[in-house]
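The sequence and the coordinates come first, and the comments follow.

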Amino acid sequence: MTPFAELPAPAGWRTVDLISDLHLQAGEPATFEAWRGYMQSTPADAVFILGDLFEVWIGDDAATLPGFEAQCAEVLREAAQRRPVFFMHGNRDFLLGTRFAADCNITLLADPTVLSLHGERWLLSHGDELCLEDRDYLAFRAQVRTTEWQQAFLARPLQERRALARSMRTQSEDRKRSPGMVWADVDGDAARRWLRRADAHTLIHGHTHRPAEHDLGDGLRRIVLSDWDAAAHPPRAQLLCLSIAGAQRVDLR
Ligand SMILES: [Mn+2]
């Protein structure tokens, strides 16, 4: 079994912020503004984005044109000048590539990655791979994460990719609304297996939009990050801060 990726935090890091599932899109400016304000002002020594920063990512070339993606790139680039910014793929933005990352000076992380900080090992993931009941999605995931699928998709013209992404999203929304649809959650046994393999006690993930802390037994636990929606009542814009004191949720108001 290949060991999980490891990221030892530099000795100088005191606090690390974790965020996920912002689902940034041009049509939701309030969440974009909340995120921009946060990225400009956080005192954290590093920011970890654990997937689904974007509602959809159709290819790095989209960010080379003026528009929403370029605006987001600018926020990342500025933030990364002040502190390291790490990015892990979610199921919406798995096509975000090395070209965009290099352009913004952010570091791509493997899913999962073990972060060692203050003598603690934190297992970080987007979480979609552990939702074992979501079989249709996992089959789709296996297909779209292959180099062949991605090369074929990215070879299509930008407009065609935008249209395809839109229709895929409509299909997925329809599926979510269909009667009898059960929202898959992270599988407890799979989470425990990952934690043992990582020699870690805490799994931190997003994806499910069900912020909580779950006791997995034997001293193991998983912490679920909140999604963001600054236009909701009350607004959701939350991060998890890791420090010497442990993990703490912080609501941005
Ligand atoms: Mn997700």
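1. In what follows, a residue is called buried when its relative accessible area is under 20%, and exposed when that area is over 50%. The model is a predicted one. By this criterion Phe-4 and Trp-194 are both buried.

2. Phe-4 and Trp-194 also pair through their rings, in an edge-to-face arrangement with 5.5 Å centre to centre and 65 degrees between the planes. Phe-4 sits in the segment before strand S1 (5-8) and Trp-194 belongs to helix H7 (residues 188-198), so this pair ties together parts that are 190 residues apart in sequence. The structure holds 13 aromatic pairs.

3. How are the rings of Trp-149 and Phe-153 arranged? Their centres are 5.1 Å apart and their planes lie at 5 degrees; planes under 30 degrees apart count as stacked, and therefore this pair is stacked. Both residues are in helix H5 (residues 147-154), with a spacing of 4 residues, about one turn of the helix. Phe-153 counts as buried because its relative accessibility is 7%.

4. One aromatic cluster is made up of Trp-13, Phe-48 and Phe-86.

5. The sheet is open and has 6 strands, in the order S1-S6-S7-S8-S10-S9, with mixed pairing. S1 and strand S9 (212-217) are the edge strands, each pairing on one side only. From one strand to the next, the twist averages 25 degrees.

6. Within the sheet, strand S7 (residues 120-125) pairs with strand S8 (residues 202-205) in the parallel sense, over 4 bridges. Leu-123 has Leu-203 in S8 as its bridge partner. Helix H7, which carries Trp-194, lies across strand S6 (113-117), S7, S8, S9 and strand S10 (220-224), and runs at about 135 degrees to S7.

7. His-126 is buried, at a relative accessible area of 0%. His-207 also counts as buried, because its relative accessibility is 15%.

Methods
Residues numbered from 1 in each chain as written. Predicted model: local features only at pLDDT ≥ 70, side-chain atom pairs only at ≥ 80, totals over all residues. Heavy atoms only, no water. Phe/Tyr/Trp six-rings, centres within 6.5 Å; stacked < 30°, edge-to-face > 60°. Helix = DSSP H or I, 4+ residues; strand = E, 2+ residues; numbered from the N terminus. Buried < 20%, exposed > 50% of the residue type's maximum accessible area, 1.4 Å probe, protein only. Pairing = 2+ DSSP bridges. Axes fitted to C-alpha atoms, helices over the stretch in contact; angles between N-to-C directions. Contact = heavy atoms within 4.5 Å.
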